[in-house]
Amino acid sequence: MSHKAGSYFNSAIYKKAQEIGTLSKHISDYLSTDLAPLCENGQENPNIYFSGDIVQQSISLSTELIKAEESSFSEKKHLHLHTLEWLTYRLFQNCKRLEQSSSNGRDFLLILKKEIKKFKKLQKQWMLTL
């Protein structure tokens, strides 16, 4: 691993992605308790899937950052950048969906959305450096 290759682990955007991942896991755990019981009609609460989605998408942020940094070909780099933008968008949308759920944990989603907005600002700056 070259000097540059390891430097992104200390970057603000990578650290923010890690924070979002950790925060998403905690929120999902909290929401899952409220969303796990079956609805009155015997169906499972569809929002339970969105709680898992936010974890998967937030973990993927770090992975895509690394892939973009390590890609030597411009096309691959742009593919990872596009994936990062898509993940950020989906993560934000899933937070909005979960805010509509009947969980006490939905207030924590406001914190996650603020962190995603911070990530998006960092992402714009970071993309200019690639």
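Helices are DSSP runs of H or I with at least four residues, numbered from the N terminus. In the predicted model described here, the secondary structure of the protein chain comprises five helices and zero strands. The order of elements from the N terminus is α-α-α-α-α. The C-alpha trace spans about 55 × 25 × 25 Å along its principal axes, and 42% of the 130 residues are buried.

Side chains of opposite charge can pair when their charged atoms come close. Five salt bridges were found in the whole structure. One of them involves lysine 118 and glutamate 115, with 3.2 Å from N to O. These two residues stand three positions apart in helix α5, so about one helical turn separates them. Salt bridges with shared partners join Lys118 and Glu115 with Lys16 and Glu19 into one network.

Lysine 67 is partly exposed, with a relative accessible area of 36%, whereas glutamate 64 is buried at 10% relative accessibility.

Helix α5 (residues 108-129) also contains lysine 117. This residue belongs to a positive surface patch, together with Lys114, Lys120, Lys121 and Lys124. With 47% relative accessibility, lysine 117 is partly exposed.

The structure holds one aromatic pair. Tyrosine 30 and phenylalanine 108 are arranged edge-to-face, with 5.3 Å between the ring centres and 80° between the planes. Distant parts of the chain are linked by this pair: tyrosine 30 is in helix α2 (residues 12-35) and phenylalanine 108 is in helix α5, 78 residues apart. Tyrosine 30 is partly exposed at 39% relative accessible area, and phenylalanine 108 is partly exposed at 38%.

Threonine 83 is located in helix α4 (residues 74-99) and is partly exposed, with 24% relative accessibility. Its C-alpha atom is separated by 9.3 Å from that of serine 60, 23 residues apart along the chain.

Terms used:
Residues are numbered from 1 along each chain as its sequence is written. This is a predicted model: local features need pLDDT of at least 70, side-chain atom pairs count only at pLDDT 80 or more; totals for chains, interfaces and linings use all residues. Side-chain values use heavy atoms; hydrogens and water are left out. Patches are made of residues with over 30% relative accessible area and no salt bridge: like charges are joined within 9 Å, nonpolar side chains (Val, Leu, Ile, Met, Phe, Trp, Tyr) within 5 Å. Accessible areas come from the Shrake-Rupley method with a 1.4 Å probe; for residues, only the protein chains shown count as cover. A salt bridge is a side-chain nitrogen of Lys or Arg within 4 Å of a carboxyl oxygen of Asp or Glu. Lys and Arg count as positive and Asp and Glu as negative; His and the chain ends are not counted. The place of a charge is taken as NZ of Lys, CZ of Arg, CG of Asp or CD of Glu. Buried means under 20% relative accessible area, exposed over 50%, partly exposed in between (1.4 Å probe, protein chains only). Rings of Phe, Tyr and Trp (its six-membered ring) pair if their centres lie within 6.5 Å; planes under 30 degrees apart count as stacked, over 60 as edge-to-face and the rest as tilted.
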